[in-house]
Amino acid sequence: MTTTTQSPRVAVVVFPGTWSDADCHHVITNVFNAHADYVWHTESNLSDYDLAILPGGFAHGDHLRPGAIARFSPVMDGIRRMAEEGKTVIGICNGFQVLCEAQLLPGALLRNAHLQYRCQWTNLRVETTDSRFTSLSQQGDVLRVPISHGDGNYFADPDTVAQLERENRIIFRYSTPEGEITPEANPNGALANIAGIVNKNRNVLGMMPHPERCCEPELGGVDGRPIFASMLQHAGVAVPAHTS
Amino acid sequence: MPSYLARIYVTPKPGVVDPQGLSILGGLRSLGYHSVSAVRAGRYLEVQLGEASSQEAAESRTTEMCRQLLANPVIEDYRFEVVEGD
């Protein structure tokens, strides 16, 4: 395919069992008027793309462990290359699990501490604006974003968690609506209320909550917008003022 | 060449919270087994390895499989026994 347009291109990766791909595609194309393609997991060349989304779902049925099989899909070669080249990669929910299994992010997502699948609104405190995912937010902002998962209980060994803290790589934590980090605000038992982290180069984000499910008032909230707006702006999209 | 079977046990690493184990512990206690002090829940796999030149070759292939896919080294340990035949 010859690309003449300078408009940034977004890849929405689809594995067998992915279920949030259409939501992500809809937000990119209809809320932000940017270009998005669905990319089937057998495609390994993502060189046309500036930004990739690994959406939520149950890639390859989540058999063995969430993300364990998906990690070996050809598309992950392309994702790894994008990550190395400094392009933007975001893994949402199952996408976060895939990025951890692929060791593009540290740690793992365990079964929720209460063993229940949770589909509910959560509050996320923005821990840092030093990322291309939160550059349009203010530190301490509280975003209301829904979760929908059974395995979102972030775990890493104490050294890794200390390193994440030290390097300011925890981007979102579950909080109260007022921005307090409490055990009650933690929907899954995640260590240190961790909801989202970035890699060392800060261009790969994994988060359990679903920002694509809250970008329009009809869906009950628009707090997912600043996340998409930040990363699209970083990729060079002129983000409409009303969407950020 | 002989064929081999691997019996693989994948278990949560010490220190990793194991919600399923805790839930099973609660279940056993509610059945009256008050002396039970802990349960860790893992996964058991039987893998027909096919032919291999030796027991050692079959074991090293099993180790590779565990490292690459069957266990996540961040949260899980593995051990296995490899036996001849299927």
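Start with a crossover in chain A: strand S1, helix H1 (residues 21–31) and strand S2 build a right-handed β-α-β unit. Keep in mind that this is a predicted model.

- Nine strands form an open sheet with mixed pairing, in the order S2-S1-S3-S4-S11-S10-S9-S6-S7.
- Strands S2 (35–40) and S7 (142–149) of chain A sit at the edges with a single partner strand each, so each has one side with no neighbour in the sheet.
- Going from one strand to the next, the twist averages 25°.
- Helix H2 (residues 75–84) of chain A packs on this sheet and touches S1, S2, S3, S4 and S11 of chain A. The direction of H2(A) makes about 125° with that of S4(A).

**Around strand S1 of chain A**
- S1(A) is mostly covered, with five of its six residues buried.
- On one side, S1(A) pairs with S2(A) in the parallel sense over six bridges, and A:Val10 has A:Ala36 as its bridge partner in S2(A).
- S1(A) also pairs with S3(A), again in the parallel sense, over three bridges. Here A:Val10 stands opposite A:Leu51.

**The S6–S7 end**
- Strand S6 (residues 118–126) of chain A runs antiparallel to its partner S7(A), and eight bridges join the pair.
- If you want a residue pair to look at, A:Leu124 stands opposite A:Leu143 in S7(A).

**A buried helix**
- Why is helix H3 (residues 94–101) of chain A described as largely enclosed by the rest of the structure? Eight of its eight residues are buried, so the description follows from that count.
- The buried residues include A:Phe96, A:Val98 and A:Leu99, and also A:Gln97 and A:Glu101.
- Among the elements covering the buried residues of H3(A) are strands S3 (51–54), S4 (88–92), S5 (108–110) and S11 (204–207) of chain A.
- Just after H3(A), A:Gln103 takes a positive phi of about 60°.

**Where the chains touch**
- Chain A puts twelve residues into the contact and chain B puts in nine.
- On the chain B side, helix H1 (residues 19–30) gives the most, with three residues.
- What classes of residue make up the side of chain B that touches chain A? There are six nonpolar and three polar residues, and no charged ones.

Definitions and conventions: Residues numbered from 1 in each chain as written. Chains lettered and ligands numbered in written order. Predicted model: local features only at pLDDT ≥ 70, side-chain atom pairs only at ≥ 80, totals over all residues. Contact = placed C-beta atoms within 7 Å. Helix = DSSP H or I, 4+ residues; strand = E, 2+ residues; numbered from the N terminus. Nonpolar A, V, L, I, M, F, W, Y, C, P; charged D, E, K, R; others polar. Buried ≥ 20, exposed ≤ 12 C-beta atoms within 10 Å, placed from the backbone. Pairing = 2+ DSSP bridges. Axes fitted to C-alpha atoms, helices over the stretch in contact; angles between N-to-C directions. Right-handed = clockwise from strand over helix to strand, strands pointing away.
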